[in-house]
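Please open the model in your viewer and keep the selection tool at hand.

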Amino acid sequence: MTERRRRVRLDRAGVNVRHSRLTEIQLTSTSDVAFLLLIYFLATAVFVSQLGLPLVLPPAGERPTTVSDSEVVRLVLDSEGNLTAGGEPLALAELAGWARERETEEAGRIYLLDVDAGCFYVHLVTALDALRSASVERISFRQGRSA
Amino acid sequence: MRIQSRARVRAGIPSASMADLALLLLIFFMTTTYFQVERGPTLTLPGASHGEERSREDAVVLHVDAGGSLFWEGRPVAVTTLAEQLAEERKKRAVRRVMIYADRTTPFDKIYPVLQGLRGEIPVPVVLAVEPIGTGVPIKEES
């Protein structure tokens, strides 16, 4: 074994003057690749969050409070999504402005949304969104009868 | 007379460690990034212009499809057991909020019991998930 190795070395140390090619992995472009991947991850990474309308629900055991009519602004959403505000028909798109006016007159009133059982969820969200834009904080909603 | 000139020092930002830095950042992103798998039914969320960003971390995710079927983290659940399930979940981990993903065409009588069911002894903030306004598909007006 030792003789064989020696022979090999001798062979190599001999007259063979041919340049042996260096076998190594080219790492020059590694940094470029790394940068490109880094940019990809930076561009595609998203934080897990969601846009939403926050609500604070009353606790289960809380007794209903009695308020006077003057403190309540009654809004009715029917099954078609038509809105009635204080007994008068009102377009959902105009609710924000309407509520803002009421809030300017007297802030802190309770907005009671009487929503029909068959009313689409989108109409409720639109109404809540409009009330939020008018800085209404006290919103109550209940399920009305389906027509 | 030969005046020995001073060796000029070339000003430059050393960038030898940039590749190492990039690789380290790359490893960080590769190990921390995960692909979010959305479980639950396919929904079209309603649009809103005054929504607020809320983290889904430490949140319970509920889905309500157009037919009114309720899903807890992608699994079907009865609305009557909602309060009980929420109380159990709170024992296991901190629940900071409940996020409701409901289809825009879900009737209100399917949403209302969900909200009632979430009214536990200890109130938990509820978030109605929405899309930024303008992205939702307009619903067909019934004649």
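This is a predicted model: local features need pLDDT of at least 70, side-chain atom pairs count only at pLDDT 80 or more; totals for chains, interfaces and linings use all residues.

The stops below lead from one whole chain to an interface and then to a single residue.

**Chain B as a whole.** Chain B holds 3 helices and 8 strands. Following the sequence, these elements come in the order α-β-β-β-β-β-α-β-α-β-β. Chain B has 143 residues, and 35% of them count as buried. Consider next the contacts within chain B that link residues at least 6 apart in sequence: 71% of these contacts join residues at least 24 apart.

**The interface.** Now display chain A together with chain B. The contact involves 39 residues of chain A and 52 residues of chain B. About 4300 Å² of area is buried between the two chains, and carbon and sulfur atoms give 68% of that area. Select F108(B), R119(B) and L128(B): they supply 17% of the area that chain B buries against chain A, more than any other three residues.

**The side of chain B that touches chain A.** Several elements each supply at least two residues to this side, among them α1 (18–32), β6 (97–102) and α3 (108–117) of chain B.

**A pair of strands.** Select β1(A) and β2(B). These strands run antiparallel and are joined by 4 bridges. One place to look is S49(A), whose bridge partner in β2(B) is S55(B).

Q50(A) lies in strand β1 of chain A, which covers residues 49–55. Is Q50(A) buried or exposed? Q50(A) counts as buried because its relative accessibility is 13%, and buried means under 20%. Now show its contacts: Q50(A) touches several residues of chain B, including L45(B), E52(B), R54(B), M99(B), Y101(B) and V130(B). Finally, draw a distance from the side chain of Q50(A) to the backbone oxygen of V130(B), where the separation is 3.0 Å.

Note on methods
Residues are numbered from 1 along each chain as its sequence is written. Chains are lettered from A and ligands numbered from 1 in the order in which they are written. Side-chain values use heavy atoms; hydrogens and water are left out. Buried means under 20% relative accessible area, exposed over 50%, partly exposed in between (1.4 Å probe, protein chains only). A polar contact is a pair of N or O atoms within 3.5 Å; within protein, one must be able to donate a hydrogen and the other to accept it, and residues adjacent in sequence count only if both atoms are side-chain atoms. Contact means heavy atoms within 4.5 Å. Buried area is the accessible area (1.4 Å probe) that two parts lose on being put together, summed over both. Two strands pair if DSSP finds at least two bridges between them. Lists of a residue's contacts leave out its neighbours within four places in sequence.
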